[in-house]
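Subject: Structure for you to look at

Hi,

Here is the structure I promised to pass on. Please open it beside this email and follow along.

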Amino acid sequence: QCPTVSANLQPSSFTHCTMAEEADIAHDEARTMDLASAFMQYVQRCPHVMQSIQGFVGENCHHFADLAVCEERRLEYTTIHQQFLALLEQHVEAFLQFQGASESEFLEALQSVQEAGEWKPFKSTTTLSPR
């Protein structure tokens, strides 16, 4: 049976498959969607994406264990945050290459769904500017 990718993952069209098959199905489905929806599909249903994010969080969560009891923000938090952003950027770049889309097209798609009042998860990403 397919591994659990995310607690928020909706039941999918596949029930018994390998991770490679699961990724292929998610990629095929993403190709049929608008760019913003395809990105969410890519993030939520491609096992390699969620596994790398969950792995990063698992490896680094102990650094943040004292946040609830200490107001100090250590310099290492900035370094870890930068590493996390770099990981996310790698996934965005891979997605854009997979879709054959530019960064500016992606930002336009995110801006469009934000202006329509949809896809609140994208609100912070639309403040980015293309390189």
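Contact here means heavy atoms within 4.5 Å. Keep that cut-off in mind for the helix pairs below. Note also that this is a predicted model.

**Helix 2 and helix 3**

Start with helix 2 and helix 3. Which residues meet here? From helix 2 come Y42, V43, Q44 and R45. From helix 3 come P47, H48, V49 and M50. By type, the residues of this contact are 5 nonpolar, 2 polar and 1 charged. The two helices pack at about 65°. Their axes are 5 Å apart.

Now look along helix 3 itself, residues 47-60. Helix 3 has 14 residues. From first C-alpha to last, helix 3 reaches 20 Å, close to the 20 Å expected at 1.5 Å a residue. Which of its residues are buried? They are P47, V49, M50, I53, F56 and N60.

**Helix 2 and helix 5**

Next, turn to the other partner on my list. Helix 2 covers residues 35-45, and helix 5 covers residues 103-115. Their axes lie 8 Å apart, at an angle of about 100°. Angles of 65 to 115 degrees count as roughly perpendicular, so helix 2 and helix 5 are roughly perpendicular to each other.

Helix 2 brings L35, A36 and F39 to this contact. Helix 5 brings E105, F106, A109, L110 and V113. The split by type is 7 nonpolar, no polar and 1 charged.

What does L35 touch, leaving aside its neighbours within four places in sequence? The list is F95, Q99, A101, E105, F106 and A109.

**The core**

In soluble globular proteins, nonpolar side chains tend to be buried together. Here the largest nonpolar core has 21 residues. L35, Y42, V49, F95 and F106 touch the most other members. Helix 2, helix 3, helix 4 and helix 5 each give two or more residues to this core. Which helix gives the most? Helix 2 does, with 6 residues.

Last, find A94 in helix 4, residues 75-99. Is A94 buried, partly exposed or exposed? Its relative accessible area is 30%. Buried needs under 20%, and exposed needs over 50%, so A94 is partly exposed. A94 and Y42 are 52 residues apart in sequence. In space, A94 and Y42 are 10.0 Å apart, C-alpha to C-alpha.

Best wishes

Conventions
Residues are numbered from 1 along each chain as its sequence is written. This is a predicted model: local features need pLDDT of at least 70, side-chain atom pairs count only at pLDDT 80 or more; totals for chains, interfaces and linings use all residues. Side-chain values use heavy atoms; hydrogens and water are left out. Axes are lines fitted to C-alpha atoms, for helices over the stretch in contact, and angles run from 0 to 180 degrees between N-to-C directions. Helices (H or I, at least four residues) and strands (E, at least two) are DSSP runs, numbered from the N terminus. Angles under 35 degrees count as roughly parallel, over 145 as roughly antiparallel, 65 to 115 as roughly perpendicular and the rest as oblique. Ala, Val, Leu, Ile, Met, Phe, Trp, Tyr, Cys and Pro count as nonpolar, Asp, Glu, Lys and Arg as charged, and the others, Gly among them, as polar. Buried means under 20% relative accessible area, exposed over 50%, partly exposed in between (1.4 Å probe, protein chains only). The expected span of a helix is 1.5 Å times one less than its number of residues. A nonpolar core is a set of buried Ala, Val, Leu, Ile, Met, Phe, Trp, Tyr and Cys residues joined through side-chain atoms within 4.5 Å.
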